[in-house]
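Please look over the sequence and the structure below.

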Amino acid sequence: MLPPRSVPSERAPGVPEPEELWEAEMERLRCSGAPVRGLPYAMMDKRLIWQLREPAGVQTLRWQRWQRRRQTVERRLREAAQRLARGLGLWEAALYEIGGLFGTGIRSYFTFLRFLLLLNLLSLLLTASFVLLPLAWLRPPDPGPALNLTLQCPGSRQSQPGVLRFHNQLWHVLTGRAFTNTYLFYGAYRVGPESSSAYSIRLAYLFSPLACLLLCFCGTLRRMVKGLPQKTLLGQGYQAPLSAKVFSSWDFCIRVQEAAIIKKHEISNEFKVELEEGRRFQLMQQQTRAQRACHLLSYLRVNILIGLLVVGAISAIFWATKYSQDNKEESLFLLLQYLPPGVIALVNFLGPLLFTFLIQLENYPPNTEVNLTLMWCVVLKLASLGMFSFSLGQTILCIGRDKTSCESYGYNACDYQCWENSVGEELYKLSIFNFLLTVAFAFLVTLPRRLLVDRLSGRFWAWLEREEFLVPKNVLDIVAGQTVTWMGLFYCPLLPLLNSVFLFLTFYIKKYTLLKNSRASSRPFRASSSTFFFQLVLLLGLLLAAVPLGYVVSSIHSSWDCGLFTNYSAPWQVVPELVALGLPPIGQRALHYLGSHAFSFPLLIMLSLVLTVCISQTQANARAIHRLRKQLVWQVQEKWHLVEDLSRLLPEPGPRDSPGPKSPASQASRPRSFCPGFPCPGSPGPRAPPPGPSVVDAAGLRSTCPGPHGTPASARRFRFPSVAEL
């Protein structure tokens, strides 16, 4: 409470009265512009401050009262919306249960999966809003019959008897041929000339994938840097004290037995992580130089071996894709077309298992083990997808091979008349195959293994035990599926819808596998140390998808008889045409200048200056944070020294102590405090008292260290750095 308290009348000279202090505090609060809501006072005191700021004789303007009411209503609506969003959040209860039972490390995988689902829904919303709805609403004119081109193809392999003789509808669904004439693939989108419609479907179709990639990049980058300020503020070696977790971890609002059990598991997992990290830190501090050198050599040996395995896996994918494309006329074509996805799936299944086995042999810390395994799995996954894309480009677009069959039309028109649909079908099959493998391993491998381990006894089954839930492998599986979805945004615009369904089902499949069929890792790790790496892996997948898409949009000739860009040498050519049709000459010259070198060089210089300023500001903030951290340590040390001084001044309680006045002899026997408080930053303890007369400071403590001009040492023992120094 703010009203003054009654204190003894005897005070040292120069010390203000409590009434004066109270009035000064009231005047400061009345003149302060700080919001009353944020002041650390009780509600009664806040009302008093509110009345002091608005005296009865002053009439508040009407617009000020209206603005204040509006701000209050907006704040309450915002808080209600946040509570509603938290209450209706997707899988909140399931995530809470998983985090409590298995720790935040495994929960981070399911949170990451939910984030990918939201990204896919956002991409689907953009495509539906700017492409599908205008197509259904505007009904653009029919472009007319497709061009009847006579292809001069010696030794043409267009007829595929195996495909024509096969009439299995399920197989057509799995290969995507059942949806060739639907909006799932590029070839079904047809519109008339650009001058016949006010809304350009071609431009919307061209920029929708680019906008999806840009929004996904911004969302991933924002999620990745969310924890960086806290990491910078706390420092690399920061560890929360275990005492804080012991005395403040329990939630006393829990009233349900199930929630209490989950909370106990959560606290137990946090203690396991803290103790494991502390043990690892002590072991690292005790290592000698020879042990560190051996550790480095073993690190290099393991990574070289894993690198050789990755090179062999990429070579297998390349030769499998080449063999599948070179034997298209064979009777086993229907099986050969799934040979590349099968080899990719086999490599991605065996690779993480081998990487995990080799890395666990070196006994790394849990966080290092997860990140290192994830790094090599990233290299394997992205390299396999990159090799698959290169193989398709080599076969369809004649990249890196003889371009005799591509000279007439800019692509291999003899074998792929609508090459965008062919690429879309390959990516569609790869996405379907990945999801089917997830389902198959969950119910045909993990579930039978759990049943056998639980119902059979023996040394072998005890050694086998349940499958461990590997976070790096599961993260890479969904990242690979998301990368395939991003690669197919141009060729298969509705692929995000398919991937959203797969991610939604994958969440429940993985949750069932974790709770019923698998076991958590015996070495728990912290989620914050791997979440950043998860987002970095996702950004690498986004880059892998954006580079081929940019090359195709800007440089590759479109198909002659399907899609929106049949009459364009490249899809990007629709942009100059629309600029010439819709903008005046001044606007055209302005856009031409923005795309020229005369604008690029000043822009590059300006961006360099902005980057330099940002880096300088970041370094200044880091120095300020370092000084503030040291200042916080000094304050804590000063409080401890004050406690020690008070403990020396106070008498030891005894059975014969009385509340009456003490004798001078007993008072003289107490140890005196010299220079109370923290005397100097970095000193181990209180310094010896210099010779000189003792003075009594404002706090009533006796000190023998007077400062210059008679000021006591307690007033000058410590000075906080000013704002200018920070």
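The report takes the annotated spans, then the surface patch, the ring contacts and the salt bridges.

## Basis of the model

This is a predicted model: local features need pLDDT of at least 70, side-chain atom pairs count only at pLDDT 80 or more, and totals for chains, interfaces and linings use all residues. Residues are numbered from 1 along each chain as its sequence is written, and side-chain values use heavy atoms, with hydrogens and water left out.

## Annotated spans

An unreviewed UniProt entry lists "transmembrane region" for residues 115-137, 203-225, 299-320, 332-361, 427-447, 488-509, 530-551 and 599-620. UniProt positions follow the numbering used here, feature names are shortened, and annotations may be inferred rather than shown by experiment.

Residues 115-137 are 100% helix and 0% strand, with end C-alpha atoms 32 Å apart. Residues 299-320 are also 100% helix and 0% strand, and their end C-alpha atoms lie 32 Å apart. Helices (H or I, at least four residues) and strands (E, at least two) are DSSP runs, numbered from the N terminus.

## A nonpolar patch

Leu 90, Leu 497, Val 501, Phe 504, Leu 505 and Tyr 508 make a nonpolar surface patch of about 480 Å². Patch residues have over 30% relative accessible area and no salt bridge; nonpolar side chains (Val, Leu, Ile, Met, Phe, Trp, Tyr) are joined within 5 Å, like charges within 9 Å. Areas come from the Shrake-Rupley method with a 1.4 Å probe; for residues, only the protein chains shown count as cover.

Leu 505 sits in helix H19 (residues 495-517). Its relative accessibility is 37%, so Leu 505 counts as partly exposed. Buried means under 20% relative accessible area, exposed over 50%, and partly exposed in between (1.4 Å probe, protein chains only).

## Aromatic contacts

The structure holds 30 aromatic pairs. Rings of Phe, Tyr and Trp (its six-membered ring) pair if their centres lie within 6.5 Å; planes under 30 degrees apart are stacked, over 60 edge-to-face, the rest tilted. Phe 349 and Phe 441 are stacked because their ring centres are 4.5 Å apart and their planes meet at 20 degrees. The pair links distant parts of the chain: Phe 349 is in helix H14 (residues 339-360) and Phe 441 in helix H16 (residues 419-455), 92 residues apart. Phe 349 is partly exposed at 24%, and Phe 441 is partly exposed at 28%.

Phe 565 and Tyr 568 pair edge-to-face, 6.3 Å centre to centre with 70 degrees between the planes. Both are buried. Ring pairs join Phe 565 and Tyr 568 into a cluster that includes Tyr 183, Trp 419 and Phe 490.

## Salt bridges

Side chains of opposite charge can pair when their charged atoms come close. The structure holds 8 salt bridges. Each is a side-chain nitrogen of Lys or Arg within 4 Å of a carboxyl oxygen of Asp or Glu. Arg 70 and Glu 74 meet at 2.8 Å, N to O. Both lie in helix H3 (residues 62-87), 4 residues apart, about one turn of the helix.

Asp 477 bridges to Lys 381, with the closest N and O atoms 2.9 Å apart. This pair links distant parts of the chain: Asp 477 is in helix H18 (residues 471-487), Lys 381 in helix H15 (residues 366-396), 96 residues apart. Asp 477 is partly exposed at 25%, whereas Lys 381 is buried at 5%. Lys 429 and Glu 426 form a salt bridge at 3.3 Å, N to O; Lys 429 and Glu 426 are both buried. Glu 465, Glu 468 and Arg 519 are linked in a salt-bridge network.
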